[in-house]
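Dear colleague,

Please find below the sequence and structure that I am handing over to you. My notes on what was found follow directly after.

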Amino acid sequence: MRNAGLLVLLIELLAACHSGPADTDPPDREQCEQLRSHVVDIRLADATGIDIRPHREALQQALGESFLADCMSSMTNAQVTCALASTEIDASAACRGGSRN
């Protein structure tokens, strides 16, 4: 019986160590780059009849490194996940409602 308890404890510890980043952890650069691209996609979603490539590039540059730095320093994994799931800019912005600390 005692060995079974130790085995359960060991499994729980291993699961906790490999569960990935916590929702309250800051996102990494790759996640923030995905979010920046998603925001650009949302903003250009209604653009029709034009070549959106130059507009996409301009928006990416306009958001630039400052967007990534802000994302990594002031957002959480949960907020980025929420924003990536959004389909409207207002819904994406609402995901920042909580704070990391």
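The largest pocket has a volume of about 170 Å³. Please bear in mind that the model is predicted.

**Largest pocket**

The lining of the largest pocket is made up of Leu35, Val39, Arg43, Phe67, Met75, Ala83, Ile89, Ser92, Ala93 and Arg96. Two helices, α2 (29-44) and α5 (89-94), each contribute at least two residues to this lining. Sorted by class, the lining residues of the largest pocket comprise 7 nonpolar, 1 polar and 2 charged.

**Salt bridges**

The count of salt bridges comes to 5. Several of them are described here.

Glu65 and Arg29 are joined through their side chains in a salt bridge, with an N to O distance of 2.7 Å. This pair links distant parts of the chain, given that Glu65 lies in helix α3 (residues 53-74) and Arg29 in helix α2, 36 residues apart. Arg29 has a relative accessible area of 35% and is therefore partly exposed, the range for that class lying between 20% and 50%. Arg29 also belongs to a network of salt bridges that links it with Glu33 and Glu65.

A salt bridge is likewise formed by Asp41 and Arg56, whose closest N and O atoms are 2.2 Å apart. Here too the pair links distant parts of the chain: Asp41 is in helix α2 and Arg56 in helix α3, 15 residues apart. Asp41 has a relative accessibility of 37%, so it counts as partly exposed. Arg56 counts as partly exposed as well, because its relative accessibility is 27%.

A further salt bridge brings together the side chains of Asp51 and Arg53, at 3.1 Å from N to O. Arg53, at 58% relative accessibility, counts as exposed, since the exposed class begins over 50%.

**Points to view together**

With kind regards

Key:
Residues are numbered from 1 along each chain as its sequence is written. This is a predicted model: local features need pLDDT of at least 70, side-chain atom pairs count only at pLDDT 80 or more; totals for chains, interfaces and linings use all residues. Side-chain values use heavy atoms; hydrogens and water are left out. On a 1 Å grid over the protein atoms alone, a cavity is a set of points where a 1.4 Å probe fits but cannot get out, and a pocket is an open set with protein on both sides within 12 Å along at least five of seven lines; lining residues have an atom within 4 Å of a point. Grid points are joined across faces, edges and corners, and a volume is the space filled by probe spheres set on the points. Helices (H or I, at least four residues) and strands (E, at least two) are DSSP runs, numbered from the N terminus. Ala, Val, Leu, Ile, Met, Phe, Trp, Tyr, Cys and Pro count as nonpolar, Asp, Glu, Lys and Arg as charged, and the others, Gly among them, as polar. A salt bridge is a side-chain nitrogen of Lys or Arg within 4 Å of a carboxyl oxygen of Asp or Glu. Buried means under 20% relative accessible area, exposed over 50%, partly exposed in between (1.4 Å probe, protein chains only).
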